Amino acid sequence: MTDCSTLQFVSPYAFEAMQKVDVVRLAALSDPELRLLLPCLVRMALCAPADQSQSWAQDKKLILRLLSGVEAVNSIVALLSVDFHALEQDANKEQQLRHKLGGGSGESILVSQLQHGLTLEFEHSDSPRRLRLVLSELLAIMNKVADSNGEFFFKSSELFESPVYLEEAADVLCILQAELPSLLPIVDVAEALLHIKNGAWFLCLLVANVPDSFNEVCRGLIKNGERQDEESFGGRRRTEALRHLCKMNPSQALRVRGMVVEECHLPGLGVALTLDHTKNEASEDGVSDLVCFVSGLLLGTNAKVRTWFGTFIRNGQQRKKETIGSVLWQMRRQLLLELMGILPTVRSTRIAEEADADTEPNVSVYSGLKEENVVKASALLRLYCALMGIAGLKPTDEEAEQLLQLMTSRPPATPAGVHFVSLSFCMLLAFSTLVSTPEQEQLMVMWLSWMIKEEAYFESTSGVLASFGEMLLLVAMYFHSNQLSAIIDLVCSTLGMKIVIKPSSLSRMKTIFTQEIFTEQVVTAHAVRVAVTGNLSANITGFLPIHCIFQLLRSRSFTKHKVSIKDWIYRQLCETTTPLHPQLLPLIDVYINSVLTPASKSNPEATNQPITEEEILNVFQGLTGGENACLSQHYGITAQLLVLYYILSYEEAILASSKTLAAMQRKPKSYSSALMDQIPIKYLIRQAQGLQQELGGLHSALLRLLATNYPHLCIVDDWICEEHITGTDALLRRMLLTNTAKNRSPKQLQEAFAALQSNHTQVLQVLEHLTLLSAGELIPYAEALTSNMNRLLHSGIPRRILQTVARLWMTLNTVMPRRLWVMTVNALQPSGKTVRRQKYTQKDLMIDPLIVLRCDQRVHRCPPLMDITLHMLNGYLLASKAYLSAHLKETAEQDLRPSQNSMMGPEATEVTREELKNALLAAQDSAAVQILLEICLPMEEEKAMGSSSYSLLKSIAGSGPGKKPLEEEEKEGSLLCNLREVQCLICCHLHQMFIADPNIAKLVHFQGYPCELLALTVAGIPSMHICLDFIPELIAQPELEKQVFAIQLLSYLCIQYALPKSLSVARLAISVMGTLLTVLTQAKRFTFFMPTLPCLVSFCQAFPPLYEDVVSLLIQIGQVCASDVATATRDFDAIITRLQQLKEKPSECARLLKEPACKTGAGNSGSTDPNVQLCHRVESTFVDMINMSVGGV
């Protein structure tokens, strides 16, 4: 808009004076400056003010005095004297008329009978007519703008173009807008002024006379503007007008720029305003506002803004005749000037070429960047990367030359310098077209060589652990393994932007790296010598040696070139801390793979060496050898957890690949069980549980490995118990911790146990104090606690001592379960002269878990210790399963031996070995169940004493009809006896075993156990209902003993679970009994029916509809037995007759029940004839059924 170049605009000083109504400043203005502001000042002086203060009255007088000497004031006063109400009505009528005529301008109500041009009419007219002329012309332009649908047009207007009347026209325009704001909204007026000559000048005057409207006008112009202003004439006029507005009010320029970005319109205006601001800013050391603004647009998170500005750059480049005056050209020129301003020396590739080859690297030709310019240089590099990679800027030869000079400059050894070198290196990779000549390529190679030579110095001096040396190594490794996509990801990550890099553009760089700078052998040898990162954690960002080693391990470079990496990995694992670095776990995994899997089939020995057992034990020094919580640990918890993860993953990997290794005839070294026994696994897992946030995924990975290889350390009950131990109650107990409790030593505990028989109080005091300690603090007391457990088996030991010991044992179980179990098993062995005590090991107990139950018999009647025994038994049964599964995989090579039977392939062998393992485990579990059930039986001395514990079984088994109830004292005693408590513990344990594997329940019941225990198992084991599934199969067994056991079991199940399924199985049992009656011999009939006939009472009690079938069966049994002895005696006629009467006339049952048994002959049971005894059993069964019916049971 060069048409305004000769006109005088409102200065920033004058505009600020108008904004603040600073009369003193206004008085200091020159006459030409003051002339531009007269419309507002005259209205201010003549109109009634809202401010009635004395200070404003004084300011108003000054304004009147200021205006008194200006001649043009009189014409403005005349303009304000017009009837604006009538003028607005005429204007509205003209608008309506134009709307009817479709926008034509044939007639005008405001202006009629124009005899001359607008300029002459304006000159000869009075004030009212001047107002009408300007208003008519302005409304015509505004209407045309409204009808243009956004297409820009230029309106030639004689009234607004005549230089003689510009000021008068401007006065009229300002008065009209001020007096008729509803008819002439200032934003619409501003939009219309863009379409006439001198529009920017009129716009600035209008806004200067209404300074409060500045932001509103700017936002309106931006909102109505084009998305790409440089593409159209209208866009450029709009941008120029807004630039004039911002020059008039520079304090709001950046706010206007923010509006541009917010609306994504007029990108050239945003750049132009930034250029104007950059020229005015005084600081030259920091990053310029232009760099910050353009970087923010291209590297921000708003994709819409990024695309909008990128289009502006691309479109600007596509215009062939790019004039010097374009905003894009000005931006590029300013950026180039800033770049050249921070270059260390004015040098080019020619200077480098002329330099002597023997010159030292630090000559002035290669003088480094100044330290104060490093940050600015980094910002410029990122900006050019964004311009070229995101916005598609194609650098000119001059720009490329200067960029290369900046990238290959040598910064000081500071953290900012390290960052600059990393950015420069990645920019060379991303935009290899910047290196186009052999001289430039030589310069780049020399700079890369300097990087390799100086990276150690930079790392030691700058204090930055993630130096650019690791990035060089990493890129070299990626080039050697042809992982170009990984290089692209690395470059984008370092630059902090996603740019498109073609893999083909990296071909030359690949050749330079792999053949001239970093051969694979050099990379491998150099990587091992790189120092490990001290205190490695996630807080250390950037590319570290661990990234390089990881890539080399993945590409198997170490094994190819026979370079040992074991020591480096071990040192790095030891130099770790929280929060855990995310690259550590992948590093361990790939290292384990390189240890087990050869690099190639042709060279099966090309593997890395595993970490030695001595090195592993060294990490756990202070925790091994008793799992004591020694505070003098050399390595931190992070290193210990990582080494634990390595061991567990290594062992799992060996088992998982056992068949593959066996086929390759390789057997890697496996860590000994003695080593695993010395590692406090559970203690470490518990420590990791409290550091889950800092350890990332390490805790969950360890739990997964434990669940697979050490299931006995993942018992649910232990986790629940641990919640109680580590919860709020534990914190409250810690508050009660006294110095006395802290000062209790293991020796004092041992002395207290030695005097246990004579002094119970001392032991109890020490134990109670120990309960206030945490699990880790209890570890030193474990030996004294377990070794004296056998002293607790003597009679007279208070129950509170037993419970406190059990509580402490459970607390210790959360941190050192495996060693605690071994010590406890050895301590509870039978003591006596005839029994030789044996020292069992962890492996012994995993091979034979039943050793746990071969303890002192007194443990079986000590509920707290029995609970501990059951806990250990459960753990060792799980451990035994894991041990046998691992053993099966370890010996997988046996499946591949040719000595196997030729009829059985490897698959058949595997099935056979798997079946043998499962059979062994089933036999082991069932044996444990049988031993536990046997413990539930009362001992002979308990039976002889008639103890309440024996009466418990009698009370359960004899609770049927016809039995006398127990006395109250017996009931009370049965609830308090040790046997009952042990039985409850065992039943709970068996319930868990049956739930875990229902096949165990089936196997145990097919084996059978004493029928005296049926009442206990059915009532005490909630999962016994699963037996209903296999009882039909058990009844179908050929052995009479199993059939009898099945019917007896069913009788108790029917009482406990009166379900439809029980009814159907009971019907089946009655049917089978009827069938067996016809096929069994006399001896077998007696053996079968004598124990099973009482079961029929339970069937009828649970299911009354079975009465008829049961009665028929009893009559048949009686008849069969009677027929066998009919020839020998007639005594049984009376019995048969009574039985028949009971069936036909049950109403007489009451009379029969009242008769003495001797009268009816039922008491004549002295006969030794089986049939006679069976008949009496039939009669007693009838009597029990009738008693049950009469009693309503």
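**View 1. Ala-775 in helix H46.** In this predicted model, Ala-775 lies in helix H46, which covers residues 775-778. The relative accessible area of Ala-775 is 2%, under the 20% cut-off, so the residue is buried. Val-815 is 40 residues away in sequence. In space, the two C-alpha atoms are 6.6 Å apart. Val-815 is also one of the contacts of Ala-775, once neighbours within four places in sequence are set aside.

**View 2. Gln-583 in the loop between H32 and H33.** Helix H32 spans 566-574 and helix H33 spans 584-596. Leaving out neighbours within four places in sequence, Gln-583 is in contact with Ile-546, His-547 and Phe-550.

**View 3. Packing of helices H16 and H18.** Two packed helices are described by the angle between their axes and the distance between the axes. For H16 (residues 253-263) and H18 (residues 289-299), the angle is about 20 degrees. Their axes lie 12 Å apart. An angle under 35 degrees counts as roughly parallel, and H16 and H18 are therefore roughly parallel to each other. Their crossing is right-handed. H16 contributes Leu-254, Arg-257 and Val-261 to the contact. H18 contributes Asp-289, Phe-293 and Leu-297. Of the residues in this contact, four are nonpolar and two are charged, with no polar ones.

**View 4. The protein chain as a whole.** The chain has 1193 residues, and 51% of them are buried. It holds 67 helices and zero strands. Take the contacts between residues at least 6 apart in sequence: 75% of these join residues at least 24 apart.

**View 5. Confidence along the chain.** The mean pLDDT of the protein chain is 79. A value of 70 or more is reached by 81% of the residues. Over residues 346-366, the pLDDT is below 50. Beyond near neighbours in sequence, that stretch has 26 contacts in the model. Residues 898-903 also have pLDDT below 50. This second stretch has two contacts beyond near neighbours in sequence. Where pLDDT is low, the predicted coordinates should not be read in detail.

Methods
Residues are numbered from 1 along each chain as its sequence is written. This is a predicted model: local features need pLDDT of at least 70, side-chain atom pairs count only at pLDDT 80 or more; totals for chains, interfaces and linings use all residues. Side-chain values use heavy atoms; hydrogens and water are left out. Helices (H or I, at least four residues) and strands (E, at least two) are DSSP runs, numbered from the N terminus. Contact means heavy atoms within 4.5 Å. pLDDT is the predictor's confidence in each residue, from 0 to 100. Axes are lines fitted to C-alpha atoms, for helices over the stretch in contact, and angles run from 0 to 180 degrees between N-to-C directions. Angles under 35 degrees count as roughly parallel, over 145 as roughly antiparallel, 65 to 115 as roughly perpendicular and the rest as oblique. A crossing is left-handed if the near helix is turned anticlockwise from the far one by less than a right angle, and right-handed if clockwise. Ala, Val, Leu, Ile, Met, Phe, Trp, Tyr, Cys and Pro count as nonpolar, Asp, Glu, Lys and Arg as charged, and the others, Gly among them, as polar. Buried means under 20% relative accessible area, exposed over 50%, partly exposed in between (1.4 Å probe, protein chains only).
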